[in-house]
Amino acid sequence: MPTSVVADAERHFDATVETLVRYLTYPSISCQPENFADVRKLSEVIRADIAALGLDNARLLELDDALPVVAAEWLHAGPDAPTVLIYGHLDIQPVELENWHTDPHVAVRQGERLFARGSADDMGGWLSHLAAVASWFRVHGRLPCNIRVLIEGEEEIGSPNLERFMDAYPDAFQADVMVLTDCENPSTDIPGLTVSLRGLIEVELHCDALSADVHSGLWGGMVPDPTIGLCQLIARLVDSDGRLLAGRRPVTEQMRAASADVPLDNAVITAGAHLIDGVTPLPEHGVPAAVWMWRQPCITVLSTTLPAPGREKNAIRKSASAKLSVRLAPDQSAEEMFAALQQVVEGQPAPGGVRARLEMVQQFGSGWLYEPKGPAFAAADRAYEKSWGHPLVHVGVGGSIPFVALFGRRFGDLPLILNGVLDPLSTAHGPDESMHLGIFAKAIAANVYLLDELAKVGKAALRGEG
Ligand SMILES: [Zn+2]
């Protein structure tokens with residue numbers, strides 16, 4: 001009975017948290033070569049733990065010039081049972097220049113939260129599955145489904161080798177349903193199913209006017225200033241709230257309906273985004289916050305050549321440029337957005353007649369828009385109803401998660417269940433990252449029920465053959 005498995009998971013909850021605390025001591029920062037050894041050490045520790053848990057063939061998948069993927073499986077649930085792939089990542093973001101209140105690599109429990117880099121993103125995510133598996137083994141000696149486990153070591157650098165792993169180890173990815181765990185719940189009481197991501201491109205805006213810097217006292221008043229022109233052009237790209245105008249999507253009833261269940265009010269935004277006293281979230285203008293953050297493009301200034309403090313000189317600089325990152329609507333191509341931006345920058349005279357030009361610097365992950373339907377999602381809703389007392393609410397992610405777009409492209413015909421243990425106060429990628437322990441407990445129980453519910457649906461029905 002899954003309820004006795006959940007009871008076992010509850011009895012072992014403190015031990016599971018201790019395991020998590022142990023993993024969190026490894027600075028498995030995948031963007032810093034000096035930490036590659038830590039990523040490998042943690043991969044080996046997890047591999048050994050998974051083997052001890054009772055999964056078969058626990059191993060490290062290796063490729064040249066890549067950090068390993070921890071892999072294992074258990075395929076003894078019988079020919080009619082579905083195979084569930086569980087994906088997560090063990091690498092973490094760096095902590096440099098962040099103002100942490102505790103040591104980011106020593107987990108500290110304060111109230112209902114566990115603070116440490118990687119706690120919610122993403123070690124608690126995949127560990128919530130392994131804890132569920134451990135309880136199934138302890139209580140029944142078996143799992144209701146076949147499972148495959150994959151824990152990546154390069155997610156935080158954009159999964160640059162994941163597709164190569166898919167090609168080199170196709171068997172390790174063979175499944176009927178995939179549970180990808182690296183996403184957010186809209187609150188500690190409401191579980192989230194992620195169904196959209198925004199894409200990401202980087203562009204550079206150039207303004208040129210002179211072949212040399214010139215004295216502002218001599219020429220100021222009759223010479224175009226590229227620095228001012230750059231600021232004016234950036235302002236031209238946005239509305240009076242500072243929101244990107246180009247490439248905006250019409251707001252559909254479907255978008256509004258999808259965001260109706262999302263508890264994303266000004267209080268959540270103010271706390272989650274660390275707004276200071278007296279500053280409020282941007283006005284909605286009749287468009288729900290969830291639509292602004294998940295379904296519309298947006299723009300951020302990454303860097304500029306504007307004269308820096310300490311480098312002041314009274315001169316009109318000969319040129320200026322800015323690197324801009326642009327989040328794409330989930331169904332928007334990089335080309336469509338670039339053309340829309342180019343129209344604004346180059347399609348009309350530039351301020352002061354400076355020479356303005358837009359350049360595509362890089363295309364990162366594309367957006368992703370998913371329609372969850374079929375028996376796998378009904379099964380997931382039943383599992384979450386039992387553990388959280390609430391079915392999964394469909395949410396988007398404003399960011400770009402390359403592995404999701406990749407799984408979507410390679411395995412989009414399979415049910416992809418995207419969830420995780422993050423919530424709006426987790427501050428993933430920032431100082432004082434934390435995981436809510438109540439969410440962790442509910443995630444473990446949900447994963448216990450999920451295996452049972454997916455087994456009841458059966459492999460044929462999941463594949464649309466039933
Ligand atoms: Zn993550």
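# Reading the helix packing

Author: Helix 12 (residues 375-388) and helix 14 pack at an angle of about 140 degrees, their axes 8 Å apart. This is a predicted model: local features need pLDDT of at least 70 and side-chain atom pairs pLDDT 80 or more, while totals for chains, interfaces and linings use all residues. Residues are numbered from 1 along each chain as its sequence is written.

Reader: How do I read packed helices, and what is the handedness of the crossing of helix 12 and helix 14?

Author: Two packed helices are described by the angle between their axes and the distance between the axes. Axes are lines fitted to C-alpha atoms, for helices over the stretch in contact; angles run from 0 to 180 degrees between N-to-C directions. Helices (H or I, at least four residues) and strands (E, at least two) are DSSP runs numbered from the N terminus. Helix 12 and helix 14 cross in a right-handed way (the near helix is turned clockwise from the far one by less than a right angle; anticlockwise is left-handed).

Reader: Which residues of helix 12 and helix 14 meet?

Author: A contact means C-beta atoms, placed from the backbone, within 7 Å. Helix 12 brings P375, A376, A379, A380, R382, A383, Y384, K386, S387 and W388. Helix 14 answers with K442, A445, A446, Y449, L450, E453, L454 and V457. By class, 13 are nonpolar, one is polar and four are charged (nonpolar: Ala, Val, Leu, Ile, Met, Phe, Trp, Tyr, Cys, Pro; charged: Asp, Glu, Lys, Arg; polar: the others, Gly among them).

Reader: How do helix 4 and helix 14 pack?

Author: Helix 4 (residues 119-140) and helix 14 (residues 437-457) pack at about 55 degrees, with axes 8 Å apart. They are therefore oblique (under 35 degrees is roughly parallel, over 145 roughly antiparallel, 65 to 115 roughly perpendicular, the rest oblique). Helix 4 passes helix 14 in a right-handed crossing. From helix 4 come G124, S128, H129, A131, A132, S135 and W136; from helix 14, F440, A443, I444, N447, V448 and L451. This contact has eight nonpolar, five polar and no charged residues.

Reader: What about helix 1 and helix 4?

Author: Helix 1 (residues 2-11) and helix 4 pack at about 115 degrees, with axes 9 Å apart. This crossing is right-handed too. S4, V5, D8 and A9 of helix 1 touch A131, A132, S135, W136, R138 and V139 of helix 4. Six are nonpolar, two polar and two charged.

Reader: Which members of the largest nonpolar core touch the most others?

Author: A core joins buried Ala, Val, Leu, Ile, Met, Phe, Trp, Tyr and Cys residues through C-beta atoms within 7 Å. Buried means 20 or more other C-beta atoms within 10 Å; exposed, 12 or fewer; partly exposed, in between. Here the largest core has 102 residues, and V84, M178, V448, L451 and L454 touch the most other members. Helix 14 gives the largest share, 15 residues. M178 touches L85, Y87, F407, F411, L414, L416 and I417, leaving out residues up to four places away in sequence. A second, separate core has 24 residues, among them L200, L233, A320 and V326.

Reader: Where are N57 and L97, and what is phi for N57 and L97?

Author: N57 lies in strand 1 (residues 56-61). Its phi is near 60 degrees, a positive value in a residue other than glycine. N57 is partly exposed because it has 13 C-beta neighbours inside 10 Å. L97 sits in the loop between strand 3 (83-89) and strand 4 (108-110). Phi of L97 is near 65 degrees, also positive in a residue other than glycine. L97 has 6 other C-beta atoms within 10 Å, so it is exposed.

Reader: Which peptide bond is cis?

Author: The bond from D121 to D122 is cis, with omega near 10 degrees. D122 belongs to helix 4.

Methods. Contact = placed C-beta atoms within 7 Å.
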